[in-house]
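The sequence and structure are shown first, and the description follows.

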Amino acid sequence: MQFSKKDAIYLQIANFICEQILSKKWQETEKIPSVRELAVTLEVNPNTIVRTYATLEHKGIINKTRGIGFYVDSNAINTIKKIKRQEFINEDLLQLFNKITYLDIDFAELKYLYKS
């Protein structure tokens, strides 16, 4: 995995895990790699994975069974889609609307471009 300087590494790993779930490479209710396994695979410090897993657990994407490991939550796909949709609306869509306004692109032109 190639890391960018834009976001914190643990957030980039969280996005990677969400992509694995959305693409169904990691199925809902399936056990995911242990902290050590994923740290070795991604060549990062285990503490980074601990932080990633804690973030995903807090968001309801994964859950922990004490002494056994982490699992993809049974509703993870819906949770991820809801979170990603809100991020898109708050960040990307807002920037797009601002650019459309600054460049005086009307919605008729935008609709034409979208259709073509």
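Leaving aside its neighbours within four places in sequence, with which residues is Asp73 in contact? Asp73 touches Glu28, Thr29, Gly60, Ile61, Ile62 and Asn63, where contact means heavy atoms within 4.5 Å. Asp73 itself belongs to the loop between β2 (69-72) and α4. The C-alpha atom of Asp73 is separated by 8.1 Å from that of Glu30, and these two residues are 43 residues apart along the chain.

The model is predicted, so local features need pLDDT of at least 70 and side-chain atom pairs count only at pLDDT 80 or more, whereas totals for chains, interfaces and linings use all residues. Residues are numbered from 1 along each chain as its sequence is written, and side-chain values use heavy atoms, with hydrogens and water left out. Helices (H or I, at least four residues) and strands (E, at least two) are DSSP runs, numbered from the N terminus.

**Helices α2 and α3**

Helix α2 (residues 35-42) and helix α3 (residues 46-58) have axes that come within 8 Å and cross at roughly 120 degrees. Such axes are lines fitted to C-alpha atoms, for helices over the stretch in contact, and angles run from 0 to 180 degrees between N-to-C directions. The crossing of α2 and α3 is right-handed; a crossing is left-handed if the near helix is turned anticlockwise from the far one by less than a right angle, and right-handed if clockwise. On the α2 side, Val35, Leu38, Ala39 and Leu42 take part, and they meet Pro46, Ile49, Val50 and Tyr53 of α3. The residues of this contact divide into eight nonpolar, no polar and no charged. Here Ala, Val, Leu, Ile, Met, Phe, Trp, Tyr, Cys and Pro count as nonpolar, Asp, Glu, Lys and Arg as charged, and the others, Gly among them, as polar.

In the loop between α2 and α3 lies Glu43. Although Glu43 is not a glycine, its phi is positive, at about 60 degrees. Lys24, in the loop between α1 and α2, likewise is a residue other than glycine with a positive phi, near 65 degrees.

**Salt bridge and aromatic pairs**

One salt bridge is found in a search of the whole structure, the term meaning a side-chain nitrogen of Lys or Arg within 4 Å of a carboxyl oxygen of Asp or Glu. The partners are Glu87 and Lys84, whose closest N and O atoms are 3.8 Å apart. Both residues lie in helix α4 (residues 76-102), three residues apart, about one turn of the helix.

The count of aromatic pairs comes to two. Rings of Phe, Tyr and Trp (its six-membered ring) pair if their centres lie within 6.5 Å; planes under 30 degrees apart count as stacked, over 60 as edge-to-face and the rest as tilted. One of the pairs joins Phe16 and Trp26: the ring centres are 6.5 Å apart and the planes stand at 85 degrees, so the pair is edge-to-face. Because Phe16 lies in helix α1 (residues 9-22) and Trp26 in the loop between α1 and α2, the pair ties together parts that are ten residues apart in sequence.

**Accessibility**

The table gives the relative accessible area of several residues. Buried means under 20% relative accessible area, exposed over 50%, and partly exposed in between (1.4 Å probe, protein chains only).

| Residue | Relative accessible area | Class |
|---|---|---|
| Trp26 | 13% | buried |
| Phe16 | 22% | partly exposed |
| Lys84 | 29% | partly exposed |
| Glu87 | 30% | partly exposed |
| Leu94 | 47% | partly exposed |
| Ser116 | 69% | exposed |
| Glu43 | 73% | exposed |

**Distances along the chain**

Leu94 is a residue of helix α4. From C-alpha to C-alpha, Leu94 and Ile83 are 16 Å apart in space and eleven residues apart in sequence.
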